[in-house]
Amino acid sequence: MATRQTQLLARSLLTPAVGLLFIWMIVPLALTLYFSTLHYSLLDPGSESFVGLENFRYFLTDPAFLASLRNTLVLVGSVLALTILLGIPLALLMDQPVIGRNFVRLMVIAPFFVMPTVSALVWKNLLMHPVSGLFAWLAQLFHLTPIDWFNDVPLFAVILIVTWQWLPFATLILLTALQSLDEEQKEAAEMDGASAVSTFIYITLPHLARPITVVILIETIFLLTVFAEIFVTTGGGPGLQTTNIAFLIYSQALIQFDVGSASAGGLVAVVIANIVAFFLVRIVGRNLEA
Amino acid sequence: MARMATTRRVVVSTAAAWLFGFLIFFPILWMVLASFKTELEAFAIPPSFLFFHWTTENYATVQERSDYFHHAMNSIIIAGGSTLIALLIAIPAAWSMAFSPTRRTKDILLWMLSTKMMPPVGVLVPIYLIYKSFGLLDSCIGLVLILCLGNLPIVIWMLFTYFKEIPRDILEAARMDGATIGRELVYVLTPMAIPGLASTLLLNLILAWNEAFWTLNLSTSNAAPLTTFIASYSSPEGLFWAKLSAASTLAIAPILVLGWFSQKQLVRGLTFGAVK
């Protein structure tokens with residue numbers, strides 16, 4: 001049915017978006033690649049020189065890289081585990097007949113809409129402050145020693161904050177998936193005498209497999225580049241204890257002004273993110289055909 | 001018997017759901033309460049939950065001392081501007097892919113999605129240097145531009161999944177009745193596309209309002225939106241909890257309301273249609 005004219009129209013409507021995204025993707029990435037082969041410091045302009053893979057060697061063998069890679073993995077892994085393990089029971093609970101469910105939903109989803117700088121500072125000060133924070137007061141009530149969160153367990157403190165931000169997302173997606181689960185299937189299982197536990201294991205959990213995968217992949221993309229939460233709470237410290245790859249690259253670029261090795265680090269981050277993206281694009285793509 | 005069990009189940013699950021919901025919401029509530037306390041009370045141990053001297057002084061101070069509205073205005077310009085421009089570019093693209101798909105449409109969509117997965121930190125250096133040489137650092141235009149490009153893939157994807165759901169039979173029926181393309185667009189397609197457009201707009205406003213990588217790195221004062229403004233409270237010497245809370249409450253209130261309206265679309269938008 002489509003005439004030549006409509007085809008032409010369709011293409012000209014699509015071109016601006018494709019062109020812009022192409023430029024947005026290719027130009028900065030090419031520049032990053034180019035800078036990564038240079039000795040290039042903003043403190044010493046004019047001294048740029050080609051150094052080949054030297055920056056990569058420097059970045060990858062820097063002890064800070066290994067530490068930040070470890071922190072990144074711990075942060076991403078812990079937040080994923082916590083949001084899924086807490087999100088499943090929470091979604092199951094909210095799928096029960098609950099009076100005022102819509103209101104509970106509003107309360108649960110709220111943290112997701114709080115800007116990262118606000119949630120990090122509110123947690124750091126109002127809740128986690130070792131003397132005047134609410135947690136310190138609660139600890140005293142139970143005659144425990146208050147935890148100095150950002151000195152004793154800094155990475156865990158960041159993990160808690162980020163988990164609080166992402167738990168609503170996981171819960172909401174799992175809840176949406178649960179609500180599309182066929183009730184009759186569950187009822188049939190119950191009629192056949194299946195216990196609640198085996199209904200969960202054999203019917204609910206398989207149904208949740210796909211949404212859980214989606215949650216894991218999407219959260220991973222965002223969690224790999226957690227930045228603001230670290231920026232306003234610990235500044236990567238103490239030492240390197242809360243420096244993740246994103247923060248390490250930021251500090252090399254905008255604090256140490258070492259453009260070359262920050263660019264090399266940026267490419268490493270792109271490679272890591274691409275590995276995740278590969279799987280996500282496949283899953284979403286499969287869905288597109290269905 | 002069955003009835004009894006059901007009632008008990010409702011009571012138990014209601015109590016549990018409210019308890020956990022309240023716990024999750026509590027940090028926000030605690031912040032709002034602190035914003036109405038005096039600095040001393042906000043800091044006090046043991047803390048007072050409701051019986052303190054309620055005051056709105058902090059809200060006034062935040063505006064006087066730090067020109068809150070200037071930053072709020074920046075947030076509105078940056079989030080609103082980037083969303084509108086993204087929509088203008090995305091609507092024709094999504095439209096064309098939904099209504100005259102070609103063999104390559106699927107590949108184009110997936111490629112667009114993959115650009116969203118590029119970590120911003122991977123291009124921080126070149127963007128920073130480009131912005132520096134064009135004088136775009138700490139400018140609203142610069143931030144509008146970068147947030148618009150960053151969110152464009154999500155906008156196109158969301159619009160695409162909504163447009164896709166508009167039944168094509170209706171278009172054909174309109175054509176049979178002799179509607180021209182212009183009439184078709186105004187009277188048939190637009191009304192059906194408005195809900196999808198509205199929710200895309202809302203979700204993107206929220207994402208842009210809360211974006212805190214580019215805004216923190218590319219703005220300092222002039223163009224600083226609320227994310228950057230709030231971050232300035234992180235310095236240890238300037239800890240004013242009540243004022244931090246007041247500024248934060250103002251910063252998140254509008255977006256919280258918008259967010260609550262768009263929670264259904266959120267699932268769909270952020271999972272690129274993979275979970276509905």
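Are A:Trp123 and A:Trp164 buried or exposed? A:Trp123 is buried and A:Trp164 is too, where buried means under 20% relative accessible area, exposed over 50% and partly exposed in between, with a 1.4 Å probe and protein chains only. Please keep in mind that this is a predicted model, in which local features need pLDDT of at least 70, side-chain atom pairs count only at pLDDT 80 or more, and totals for chains, interfaces and linings use all residues. Residues are numbered from 1 along each chain as its sequence is written, chains are lettered from A and ligands numbered from 1 in the order in which they are written, and side-chain values use heavy atoms, with hydrogens and water left out.

**Helix H1 of chain A**

- H1(A) has 32 residues and spans 45 Å from its first C-alpha to its last, close to the expected 46 Å; that expectation is 1.5 Å times one less than the number of residues.
- Helices here are DSSP runs of H or I with at least four residues, strands are runs of E with at least two, and both are numbered from the N terminus.
- At A:Thr15, shortly before the proline A:Pro16, H1(A) has a kink of about 35°, the bend being the angle between axes fitted to the seven residues ending there and the seven starting there.
- Among the buried residues of H1(A) are A:Leu14, A:Trp24 and A:Phe35.

- A:Ser36 is in the loop between helix H1 (4–35) and strand S1 (38–39) of chain A, and it counts as buried because its relative accessibility is 0%.
- Its side chain reaches the backbone oxygen of A:Leu33 at 2.6 Å.
- Leaving aside residues up to four places away in sequence, A:Ser36 touches residues including A:Gly52, A:Phe56 and A:Leu267, with contact meaning heavy atoms within 4.5 Å.

**Aromatic pairs**

- Over all chains, the whole structure holds 33 aromatic pairs; rings of Phe, Tyr and Trp (its six-membered ring) pair if their centres lie within 6.5 Å, and planes under 30 degrees apart count as stacked, over 60 as edge-to-face and the rest as tilted.
- A:Phe35 and A:Tyr40 are edge-to-face, because their planes stand at 75°, with ring centres 5.4 Å apart.
- A:Trp123 and A:Trp164 form a tilted pair, 5.6 Å centre to centre with 55° between the planes.
- A:Trp123 belongs to helix H5 (residues 116–127) and A:Trp164 to helix H8 (residues 154–179), both of chain A, so this pair ties together parts 41 residues apart in sequence.
- Ring pairs also link A:Phe227, A:Phe231, A:Phe247, A:Tyr250, B:Phe213 and B:Trp214 into a cluster.

How values were computed. Polar contact = N/O pair within 3.5 Å; in protein donor to acceptor, adjacent residues only side chain to side chain.
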